[in-house]
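Here are a few notes to go with your first look at this one. Have the viewer open and hop to each spot as you read.

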Amino acid sequence: TEDNPICKISCLEGKIPVIYNGEYGDIPTLDNKVICATPIRTAKEFLALRDNEGKRDEAYYLVNDIDLGDALTPEEANHWEGIQNFSGYFLSDGKTISFTRNGQIQTLTCDTAGFTEGGTAYYVCGLFIDIIDDAVFINFNIKLNINSLIKEDDLSNNYTVNYVGILLSSVYSNLSSVYSNNLIIHNVHIQGNVEGYSAVGGFIGYASNT
C-alpha cells in the first residue's frame, strides 16, 4: 500500500527489510529508514560473525531467541572470544541472546589478552569486543554472565588493562586509535553478572568520546 514503505523495498537474496519509524524512540539516524539486514536465526549463525571480518559493518536482525549453549562447548565458553571490529547494525524485535544450561544462566570466560601494544596487555571481554565504531544496537535482550580472568601477578602490573562489559568491552581501541562518535544502544536489556578488573560495566566496560 502507499502508506507502507516497506512494501516498496526489495533486498538482495538472503536479506530481509527492517524499518524503524519512531516506534522504539526518537533516533534521528533511523527515522523511517529501511535497512536490508541478514537474519540471525541460530546461535551458530551469531557465532559465525566472529569469523566474518569483511561483513562486520553490515546489518543483522535477530529473528529468534538464541541460546549460545546450543553451539558452544564448555571449553569454548571457558576461552571466550567476542565479535571484534563490529560497526554495523544489530537489530531485533525483542528477541533474546542467552547462555544457559539446564535453565541456569552460564558464564562466558575470557582468560587471555585480546592484544598487546607497547608492552601493555589488553584483556577485553564481552559479546562484542574492541572497536565499535558508529554501531547500532536496538531492541533485544541478553541473559548471560561475563568473567574476565586476570592472572594474579597481572593485578599488580601497571601494564595490564582489562575492559569488560556484557554487551561490549570497549568503544575505544588503543590498538588502532579509533574512536566511536555515534554509538547507539537503545531498548537493550541485560540480565547477568560481570566480573573483571580496572574498567567494568554491565553494558560497556570502557567508553571514550562517544
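1. First, a caution: what you have here is a predicted model. Of its 210 residues, 44% count as buried. The exposed surface comes to about 10600 Å², and carbon and sulfur atoms supply 43% of that.

2. Have a look at how far apart in sequence the touching residues are. Taking contacts in the chain with a separation of 6 or more, 75% are between residues 24 or more positions apart.

3. Now go to strand 12, residues 120-125. Why is it described as largely enclosed by the rest of the structure? Because six of its six residues are buried. Both faces are covered: T120, Y122 and V124 are buried on one side, and A121, Y123 and C125 are buried on the other.

4. Which strands does strand 12 pair with? Strand 11 (residues 115-117) runs antiparallel to strand 12 and is joined to it by three bridges, with E117 standing opposite T120. These two strands make a hairpin with two residues between them. Check G118 in the turn, where phi is positive at about 60°. Another partner is strand 16 (residues 160-165), which runs parallel to strand 12 over five bridges; there, V124 has Y163 as its bridge partner.

5. Elsewhere there's an open sheet of three strands in the order 10-15-21, paired in parallel. Strand 10 (107-110) and strand 21 (194-195) are the edges, each pairing on one side only. Strand 15 (residues 145-148) pairs with strand 21 over two bridges, and you can find I146 opposite V194 there.

6. Last stop: D67, in strand 4 (residues 66-67). What is the nearest side chain of opposite charge to this buried residue? R101, but at 7.0 Å away, and D67 has no salt bridge; the cut-off for one is 4 Å. The D67 side chain does have polar partners, though. Leaving out residues up to four places away in sequence, D67 touches A43, S98, F99 and T100.

Note on methods. Residues numbered from 1 in each chain as written. Predicted model: local features only at pLDDT ≥ 70, side-chain atom pairs only at ≥ 80, totals over all residues. Heavy atoms only, no water. Helix = DSSP H or I, 4+ residues; strand = E, 2+ residues; numbered from the N terminus. Buried < 20%, exposed > 50% of the residue type's maximum accessible area, 1.4 Å probe, protein only. Lys, Arg positive; Asp, Glu negative; His and termini not counted. Contact = heavy atoms within 4.5 Å. Pairing = 2+ DSSP bridges. Areas by Shrake-Rupley, 256 points an atom, 1.4 Å probe, with all protein chains shown as cover.
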